[in-house]
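I am keeping these entries as I go through the model, one place at a time. What I want to know is where each residue or element sits and what lies around it.

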Amino acid sequence: MKGACRLSFLGAAGSVTGSCYQLELADQRLLLDCGLFQGYKQLRLRNWEPRVEAPERLGAVILTHAHIDHSGYLPLLVRLGFKGPIYCSAGTLELCRILLPDSGYLQEEEAAFANRHGLSRHKPALPLYTRADAEACLSLLEPVAIGSTFEPVAGVTVQLRGAGHLLGAAFARIEYEGLSLTFSGDLGRPTDPVLKAPAVPLPTDYLITESTYGDRRHPQIDAQGELAAWISKACARGGVTLIPAFAVGRAQTLLLYIARLKERKQIPDIPVYLDSPMAVDASGIYGRLGSEHRLTQDECNKMCRAAVFVNTPSESKTLDTRSGPMIILSASGMATGGRVVHHLKAFVGDPRNLVLLAGFQAPGTRGAALADHVESIRIHGEAFPVRAEVGQLAASSSHADADELLAWMRQLPKPPRCTFVTHGEPQASDVLRYRIQHELGWRVRVPEYRERVDLDREVTSETRDR
């Protein structure tokens, strides 16, 4: 090779959030993803630390998908001086137009709330970035077709291939002077009821793979039937079913299930409210991106008609004065912020009610605490006793499990020189590392946060991972 090729793990190493990788290719630098850290406070504090040296000299960013733990640092990166293009799929662009301004708005709201109630030691508490910052970064997003090849900087070619997981999600294959790297992003499931299966990976010298569920297998149960059982149980006691749901992806799948269950009379015909302007906006995108999912137009229409859309804050507050049975889907999926935390304050203390968790709950989040069946949760500086039933859907994940990740890797025609296991909690990453090493016979490593690897040198698992 003419120039050095170095890879730095600036996020999603040792944790499941903050996805961000820097590629140094001779005198050029690229970022793969640029996400926020979420969960434990010590992780969230990393968002306030300098992430990338000299952002103004970065050549480009390549974005695998729109989830905030992959895209949410972009507004700050741009505010700090980055001016280059941000390449992503058309679906990711549409979702970022919804997610990123909302992220800035929520941070402004949380800072304002902390200032009004004296909940921060900072005087005043400031948002990490604002809605205006987020909207400013959107002008740099450049859509590219999934499956096409493009050149983000001179001498580097990239191809995005469908990853499932979320509308617009892709994994990225990068080539530079005969060297190839593949970044999995977040991989979806081959049998997802809504999204298409991940594409077959192409030969690659280095593979960087996620490991969110690297130590688990998803149960083989009927997701719709599981949802019906939880809702029916809460309805029978006249309770409110509150579902913290990711506004993009999970909320729409649950609405589709609810529509089908009502149509088949498998749950009572009770009121359903979608209390998330983001989720309302995202639901309409499914009709425009029909090539990326399995749904017919009729099913998209049923999904959008399954709930009453709640838009204004006053309409949201009114829900807290009502009694069950009813269903409220509200963001965020890990109950870290947004309108769902106000609903939790209203409903978590009543044993008739049900809080139904519908996705991965990162350690340190309020959702993870609820999943661990804590006796009380803290919201806005106050403790609220948890008397409502807390359930968790076991069959609703949009992430590939360990077996599905390995099956995807087995499609590679030959082993990579080295596989790096990232984007997982330490146990999940290490279990997947062990399986890749012993079942596939590949060289594999679990990198550390901020580790920098020279890819033009031989890297072996035997010397680094025992």
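Before the first entry I set down the cut-off I rely on: a residue counts as buried if its relative accessible area is under 20%. I also keep in mind that I am reading a predicted model.

**Entry 1: A169**

Is A169 buried or exposed? Its relative accessibility is 4%, which is under the 20% limit, so I note A169 as buried. Leaving aside neighbours within four places in sequence, I find A169 in contact with T64, H65, T92, I146, R161, G162, A163 and G164. I checked T92 from that list separately: A169 and T92 are 77 residues apart in sequence, yet their C-alpha atoms are 6.7 Å apart in space.

**Entry 2: the sheet with β1**

I then traced an open sheet of seven strands, which I write down in the order β6-β5-β4-β3-β2-β1-β22, with mixed pairing.

β1 pairs with β2 (residues 21-25) in the antiparallel sense over five bridges, and I note L23 in β2 as the bridge partner of L7. The pairing of β1 with β22 is also antiparallel and has three bridges, with R452 in β22 as the bridge partner of S8.

Further along, β4 (residues 60-62) and β5 run parallel and are joined by two bridges, and I62 stands opposite Y87 in β5. I also see α4 packing on the sheet, where it touches β5 and β6 and its direction makes about 145° with that of β6.

**Entry 3: helix α5**

In α5 (residues 131-138) I marked D133, A134, C137 and L138 as buried. Seen down the axis of α5, the buried residues fall within an arc of 145°, so I record that they line one face of the helix.

Next I turned to β15 (residues 326-330), which is mostly covered, with five of its five residues buried. M326, I328 and S330 point one way from β15 while I327 and L329 point the other way. β15 runs parallel to β12, to which it is joined by five bridges, and V240 stands opposite M326. β15 also runs parallel to β13 (residues 272-275), with four bridges between them, and here V272 stands opposite I327.

T241 lies in β12 (residues 240-244) and is buried, with a relative accessible area of 0%. Which residues is T241 in contact with, leaving aside its neighbours within four places in sequence? I list I231, A234, M326, I327, I328, L354 and L356.

**Entry 4: helix α7 and its two partners**

Last I looked at how α7 (residues 250-263) packs. The axes of α6 (residues 223-236) and α7 come within 10 Å and cross at roughly 75°, so I call the two helices roughly perpendicular. In this contact A223, Q224, L227, A228 and I231 of α6 meet L254, Y257, I258, R260 and L261 of α7, and by class I note eight nonpolar residues, one polar and one charged.

With α10 (residues 297-305), α7 packs at an angle of about 90°, the axes being 8 Å apart, which again makes the pair roughly perpendicular. Here Q252, L255, L256, A259, R260 and E263 of α7 meet E299, K302 and M303 of α10, and I divide these residues into four nonpolar, one polar and four charged.

Terms used: Residues numbered from 1 in each chain as written. Predicted model: local features only at pLDDT ≥ 70, side-chain atom pairs only at ≥ 80, totals over all residues. Heavy atoms only, no water. Buried < 20%, exposed > 50% of the residue type's maximum accessible area, 1.4 Å probe, protein only. Contact = heavy atoms within 4.5 Å. Arc of directions from axis to C-beta. Axes fitted to C-alpha atoms, helices over the stretch in contact; angles between N-to-C directions. Parallel < 35°, antiparallel > 145°, perpendicular 65-115°, else oblique. Nonpolar A, V, L, I, M, F, W, Y, C, P; charged D, E, K, R; others polar. Pairing = 2+ DSSP bridges.
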